[in-house]
Amino acid sequence: MPTVKGVPRLSVRFFRETTGKEPVRDWLKSLPSEEKREIGADINTVQFGWPIGMPVVDHLEGDIWEVRTRMATRIARVLFAVEGEVMVLLHGFIKKERKTPKAELDLARQRWKKLRSAR
């Protein structure tokens, strides 16, 4: 499918808990505005350019991918899955270790499983 300039290939949706809470949106809101802008720009790059690879996106396992954002003093990751033409943002965190911590990946995996079983 050819890319149409100005038209996103994916729409973006935040994972929502049964309580209505959106953890990734809440996490993003807690960050300084410059970091929010940088992460948002990388999510936008994925939205308009999907499928893309390194250095912006890496496949972690199964349906789980990560948006990789290098900011001025730290590194952020937003873990997501793609369902049809929807990019579902499952988990966001500041990376402190070389490898994605198992607990962070487990949380994204758990949220994706919860979302899939609710359908």
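The legends below describe close-up views of a predicted model. Residues are numbered from 1 along each chain as its sequence is written. In this predicted model, local features need pLDDT of at least 70 and side-chain atom pairs count only at pLDDT 80 or more, while totals for chains, interfaces and linings use all residues; side-chain values use heavy atoms, without hydrogens and water.

**View 1. Confidence along the chain.** The mean pLDDT (the predictor's confidence in each residue, from 0 to 100) is 93, and 96% of residues reach 70 or more.

**View 2. The open sheet.** Five strands (DSSP runs of E, at least two residues) are arranged in the order β1-β5-β4-β3-β2, with mixed pairing (at least two DSSP bridges between two strands). β1 (11-14) and β2 (57-61) are at the edges with a single partner strand each, so one side of each has no neighbour in the sheet. Strand β3 (residues 64-70) runs antiparallel to strand β4 (residues 75-83), joined by six bridges.

**View 3. Helix α2 against the sheet.** Helix α2 (residues 33-49; helices are DSSP runs of H or I, at least four residues) touches β1, β2, β3, β4 and β5 (86-95), contact meaning heavy atoms within 4.5 Å. The direction of α2 makes about 135° with that of β3, where axes are lines fitted to C-alpha atoms, for helices over the stretch in contact, and angles run from 0 to 180 degrees between N-to-C directions.

View 4. R77 belongs to strand β4 and is buried (under 20% relative accessible area, 1.4 Å probe, protein chains only), at 5%. Beyond four places in sequence, R77 touches residues including W27, E66, H91 and F93.

Key. Buried < 20%, exposed > 50% of the residue type's maximum accessible area, 1.4 Å probe, protein only.
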